[in-house]
Amino acid sequence: MIRRLLEHYKDHPAIIGFQIDNETHPNSSNSRSMHAGFISYLKEKFGSVERLNRLWGFVYWGQLVSGWEDFPSREGILNPGYKLEWERYQRKTVTDFLRWQASIVREYARPHHFVTHNWPGGLRTDVDRYEIAQYLDVAAVNPYHPVQDRLDGWQIHFTGDLARSLKRANYLVMETNAQTIGWDSRTQFPPYDGQLRLNAYSHLAAGANMVAYWHWHSLHSGQETYWKGLLSHDLEPNRVYEEAARIGAELKRLGPRLVGFEPRNHVAILVSLDSYHGIQFMPFDDRVNYLTILQQMYRALYRLKVGVDFVFPQQKDWERYRVLLVPPLYIADDALLGRLVEFVRRGGHALVAFKSGFADEHSTVRWQRAPGPLRAAAGFSYQEFSTLAEPVALKGDPFGAGPENRASVWAEMILPETCETLAVYDHHFFSRYPAITRNRYGRGTLTYEGTYLSDTLQEKVIANVPALAGLNGADQRLPEPVLVRHGASREGRPMRYYLNYSGRPQSFEYPYASATELLSGAPVRPNQMLKLAPWDLAILEEEAPEVSDGARTKQARPRGVQ
Amino acid sequence: MIRRLLEHYKDHPAIIGFQIDNETHPNSSNSRSMHAGFISYLKEKFGSVERLNRLWGFVYWGQLVSGWEDFPSREGILNPGYKLEWERYQRKTVTDFLRWQASIVREYARPHHFVTHNWPGGLRTDVDRYEIAQYLDVAAVNPYHPVQDRLDGWQIHFTGDLARSLKRANYLVMETNAQTIGWDSRTQFPPYDGQLRLNAYSHLAAGANMVAYWHWHSLHSGQETYWKGLLSHDLEPNRVYEEAARIGAELKRLGPRLVGFEPRNHVAILVSLDSYHGIQFMPFDDRVNYLTILQQMYRALYRLKVGVDFVFPQQKDWERYRVLLVPPLYIADDALLGRLVEFVRRGGHALVAFKSGFADEHSTVRWQRAPGPLRAAAGFSYQEFSTLAEPVALKGDPFGAGPENRASVWAEMILPETCETLAVYDHHFFSRYPAITRNRYGRGTLTYEGTYLSDTLQEKVIANVPALAGLNGADQRLPEPVLVRHGASREGRPMRYYLNYSGRPQSFEYPYASATELLSGAPVRPNQMLKLAPWDLAILEEEAPEVSDGARTKQARPRGVQ
Amino acid sequence: MIRRLLEHYKDHPAIIGFQIDNETHPNSSNSRSMHAGFISYLKEKFGSVERLNRLWGFVYWGQLVSGWEDFPSREGILNPGYKLEWERYQRKTVTDFLRWQASIVREYARPHHFVTHNWPGGLRTDVDRYEIAQYLDVAAVNPYHPVQDRLDGWQIHFTGDLARSLKRANYLVMETNAQTIGWDSRTQFPPYDGQLRLNAYSHLAAGANMVAYWHWHSLHSGQETYWKGLLSHDLEPNRVYEEAARIGAELKRLGPRLVGFEPRNHVAILVSLDSYHGIQFMPFDDRVNYLTILQQMYRALYRLKVGVDFVFPQQKDWERYRVLLVPPLYIADDALLGRLVEFVRRGGHALVAFKSGFADEHSTVRWQRAPGPLRAAAGFSYQEFSTLAEPVALKGDPFGAGPENRASVWAEMILPETCETLAVYDHHFFSRYPAITRNRYGRGTLTYEGTYLSDTLQEKVIANVPALAGLNGADQRLPEPVLVRHGASREGRPMRYYLNYSGRPQSFEYPYASATELLSGAPVRPNQMLKLAPWDLAILEEEAPEVSDGARTKQARPRGVQ
């Protein structure tokens, strides 16, 4: 089918590239063929059932398997080691499928054609987008965002930063909100005036090279009747269409200066899909999980106006960042924990959440004091941990979080060795254990959170990490709903987006070098006041190109997207 | 089996009529034979799969069907056009089944025998009771009502008005609460003293010619052990039995004067089962739906002491009413909307809820500005609509609803053309759009609600519809829990029921012509004070027969029920 | 398999007894073989389908069965008689299976070996533990208790009193909390200092002769990774391990004086598994049920510091108690109700909850006024009952329950005959009916609760039962979190446990004869003040043996446990 399609279309002049399939993901299928595929995968990876009996502890409860033909299928499985490997296999089926599709498409594609695939926004845990992106020319996303009073930039930037990080390059928005989204009419929220435009430029500020809408006109029948396009069912121009036309006119004019924008960040968040699943199979809470903590860390950086990249365990060079935030790294082999220790030893600053280092790559808890291989770098060990039945304050509010000075959910009963205690619990029993510690190790530091923090506390603790401490420059003094994103234009000039995520006008002092506001064409001097209308933005490009930076990673640009 | 039963019983002197089956309804079955039946139904109605591919938009998501043998079964279907037609087919199976039963029974029934079928109370959306009633001699219902402190007349009258409207004739209560209802013992609410009697007369006031109980004595075993009869398990007389005996004695005495009571109404509510389902497949809210809005309109009239009939799309003569209330008429063909427009043009007053006119009979949204064929009569169009994330007040409280001045759920972004704006939103963005409009069209008016109103607002808006405006006569001045129902006795004398739905005594002035209170036999003069004990009632029959009214619809009376 | 295991291990010197299987229970399986087994069971018990048609009322809704081959399977059954018998059959499969296992084991066991089986804590309703215990030498339990701030003695004692009552003898704790419990990490609550020890001695105070932990060390993989043992995954000594070591050292020293402790009680609670299920199939509430009322009664006695045994319908000699508490005895044959009446007539004091006597052993409601055979002893009848939509106060707060003076859920509309009315409802309608009654019958009394009482009211009413009235001795004056348990040591000396279920120190006057506090070895004089540290306890053994008591039941002691 793929070959037929490509033979038909490959020479069409309107084709600029190929999107292979759409939002491909596994469906938790446990069919006979999926089971057979899983067995083949296990055979190749582990060799024998005896090895799996041992690795997964099947001796417990008399679950020993005597041969591959008796290997139990996924349904009804309780063993966390099995479940974790099954998730890996599920992800692999998607990677293999898309790699195979891409290889066929490349036989037909012309040199200027790119190959891409588009995922929904947010962090999808059932596909390995980083792995798949290695087989694509450019990453693409389908983000759908809340609008009206719930429009908040963080979700757009989270999705954009993640898409950009997949290939450390500009990405495409293949689909995003036109009028409204949702399969039925419960979530019909057309944007307020200006919001469609703000969202489009938000993506450009995160590194997008294209913003396309789903879709041109609203469908008159079928499942997506209420997933409305730029045109309503009447096919006449309308309020939203007029705003899209304005965006189009602006991009036609400014596109060559905006495309290829490259954000520059010194902070990264480590993403571990394995840890997400490992924790889900042994959850410590019903609402808080790996993903909510990762997002909490991201939102804290967002509020601090600090740009961030995402990095992945299999990625080779994340040691180059100055600060690494590590959501609960529950599942990790010794090598990965070793890299983290080495990152610190060589001068990096790591902020590590509870549960990290606890289990190995088979979801087996280590036969040593927690946090296992991280013990020396963390400067403590623990033998016990406890669910916190009620939230607990940190004694003396050491981070100045006021009414939000609150830990909850989990408390590791930390026994300090070389670490400094940053906070202890205000509690008749747990007060003997630190809640937050910091250890100097080699030339860097490892800050550890043994408990779940309130959003405000998380923000304060992150702002307290050495390389981020004293964070109170011009960016942090911006009005709360205004975000700034720094980077370089394609020509290497420092460029900044100022985005007003509110329905109120905002004003602030521009503190950087002389620049041009690209939308208006007006020159802007240092210390000049800038004003942003509701849901409006400014794009400032400095006049002088930035000084060459040898360490800068070369950026791959998608073919076909100039 | 039917023939065997009838051969055995048809000549028994105790038989007055036949109830065919009990509360028959489809069971959402998707069996092989139901699927085959559906295909036959589709072939006959639509002719070809190509036509359905086009009507239902199957080209979307690659769902095109190439032949009837590949036609997908109901399970997993997302397409709203398919779902809607499936619901019609489900209803048709019941209509066909009961029509077939009735035809067999009529072969055996003697001339004085009637044929009926009994449905539960409320508005059942999975059977077309109006259609089925055309094959019966008399409509019947099985209403079960809340009692004790939750006894409220509206549900009884809603059920009764609906049953009466099916054939525009008196109906039978085949089953209703005796002591308690419910399959288990969580809902054991025996009536307070007087409530059993009040409920029985309430049905008579709505047009019932019989009230029977479920059932004679309580069962000692099985599923309905706690669906208690007039006698408890001890089979001895008891408090509830004594009250039933009093009702029986009264009806034995007064029955000939009470039977055949004919309520007279100028207001009707249009019932569209298709619109209910069409909206359920594309819901605009989790709690508010077609049915809740229809009930809200009914309850508003109930509180205003305005009697109402129900009318149905396939009914020929609903244009004779002065006021027509139209719950969201989401699914409607051009002909039905044309009738509504014509109703207004000729002098009728329509109150139309949001979403009306939006989709055609295949759940396809019209390729024109909403509200489609209603545009000229409504005097506006709209291209956009929005979910309301939070309730919004109407600016300046134009209807005097006080703390209940509140719209919510939905807002159509109305662009007025010839209509008058009755209310706008008090909101930074939506204030530019009317919430409620009225348009004079021909000799009538169309009042339109572009949003969901609070109960109080709905009542105020209905009371503001031209033919109902200035509604503050003697009926509206009655104490709140007292309901009055107007009509004519079988002999053509004006007759009124005054029903006290409260545990407190009530008194009020009787404003009409001289009458006899039938229960006591006492004469009542105009402007005389009437007193009602808790949960008590009065039945007033005027002395002079009413003036003949040529326009009066002839009433069909059930055979066998004198 | 059993024979192979026993042949291998029976002569091993470390074996002291055999636990057959683990927490065996039915799994609601409705497999073909379970259905066949059920049919065989029915044939033997009832003889013919005609008899079941009649007993279960299958004539209703046309459910008559014409032969065993057509007998419907459990799925989809609504009939409560069928459901009740199915539950009995489910329980019987477990009893038969364990009896069979025990008989095989006994072929191999040596004379000093005991045979036991271990159930989870609480009252399991799907196995007949009393019946099964007749085939065992000693009862055992696997209780897991809340700890930290939620540690409360009542659950431990409830489980212990139940285990002891199965054979009226000492029992074994085969598994209980070590560090933490729970299949995942949401419920990780390691005990506060002292709680592990308090829990162990609590079991001894209830009659346990052994306390063992689940389990030695925490598992590194598999389903129970977070069901932590005495050792953590690091296998090193830790805080909890140290406390377990202290318990072990104390028991090594004091064990011979503590083992065989025999509590002495004059109050019993009647357990009816049939009534639990009968009510579940016809529930009167979503939260209150047979089990919650039984537990409410137990907790009231616990707070009153009154020790209690459990008795079972098939047990021969429960007439020896002075007070019998009867949770809703909804399912009972005439013989059982006759024993209850006879218990009262001969001088016993019964407290009986609503719904008692209502249905017979087939879940068939009796064809006579409720409470059926209890009518004369109760001194009233009733024909009606009602769900209470809202809580109702008892008029004049006759039991001094203050803000907790509250009945709810259910009200039987009691018509007094010879009984005294202890309380009526404060309600416009229900005030004509008593809420609580007491009847003198023969030499005893029957106190009846026609409604569901608040916890405080239940406690007050129990404390008002004749043989318990005036209950305000030294035990009742203990500080609230301190429990006392009375009994006799193996040598026949009066012995008492004082247990402090709180994190605060407690002190009180010791009112009994001179004794030795066993843990410290200190002598204690009458009226001396005793002090208990947080989560601590004292064990007082009187110096003189108790006077021989002819009525004392001989205690079976498990073989192998000295």
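Biologist: Is Leu5(A) buried, exposed or partly exposed in this one?
Modeller: Leu5(A) counts as partly exposed, because its relative accessibility is 48%. Keep in mind that this is a predicted model.

Biologist: Where does Leu5(A) lie?
Modeller: Leu5(A) is in helix H1 of chain A, which covers residues 2-9.

Biologist: Switching to salt bridges. How many over all chains?
Modeller: A search of the whole structure turns up 108. One of them joins the side chains of Arg106(A) and Asp137(A), at 3.1 Å from N to O.

Biologist: What does that pair tie together?
Modeller: Arg106(A) sits in helix H4 (residues 80-108) of chain A, and Asp137(A) is in the loop between helix H5 (129-133) and strand E3 (138-142) of chain A, so the bridge ties together parts that are 31 residues apart in sequence. Arg106(A) is partly exposed, at 33% relative accessibility.

Biologist: What about Arg186(A), which residue is its salt-bridge partner?
Modeller: Asp184(A), with the closest N and O atoms 2.5 Å apart.

Biologist: Is Asp184(A) buried or exposed?
Modeller: Buried, because its relative accessible area is 12% and the cut-off for buried is under 20%. Arg186(A), with 34%, is partly exposed.

Biologist: Over to chain B. Which residue does Arg339(B) form a salt bridge with?
Modeller: With Glu319(B), and the closest N and O atoms are 2.8 Å apart. The pair links distant parts of the chain, 20 residues apart: Arg339(B) belongs to helix H11 (residues 334-345) of chain B, while Glu319(B) is in the loop between strand E8 (309-311) and strand E9 (323-326) of chain B. Glu319(B) is partly exposed, at 32% relative accessibility.

Biologist: Which residues do salt bridges with shared partners join into one network?
Modeller: Lys45(A), Glu85(A), Arg88(A), Arg91(A) and Asp274(A).

Biologist: Now helix packing. At what angle do H7 and H8 of chain B pack?
Modeller: About 25°, with the axes 9 Å apart. H7(B) and H8(B) are therefore roughly parallel to each other, as angles under 35 degrees count that way. Their crossing is right-handed.

Biologist: Last one: where is Ala463(B)?
Modeller: In helix H13 of chain B, residues 455-464. Ala463(B) is partly exposed, at 22% relative accessibility.

Notes
Residues numbered from 1 in each chain as written. Chains lettered and ligands numbered in written order. Predicted model: local features only at pLDDT ≥ 70, side-chain atom pairs only at ≥ 80, totals over all residues. Heavy atoms only, no water. Helix = DSSP H or I, 4+ residues; strand = E, 2+ residues; numbered from the N terminus. Buried < 20%, exposed > 50% of the residue type's maximum accessible area, 1.4 Å probe, protein only. Axes fitted to C-alpha atoms, helices over the stretch in contact; angles between N-to-C directions. Parallel < 35°, antiparallel > 145°, perpendicular 65-115°, else oblique. Left-handed = near helix turned anticlockwise from the far one by under 90°. Salt bridge = Lys/Arg side-chain N within 4 Å of Asp/Glu carboxyl O.
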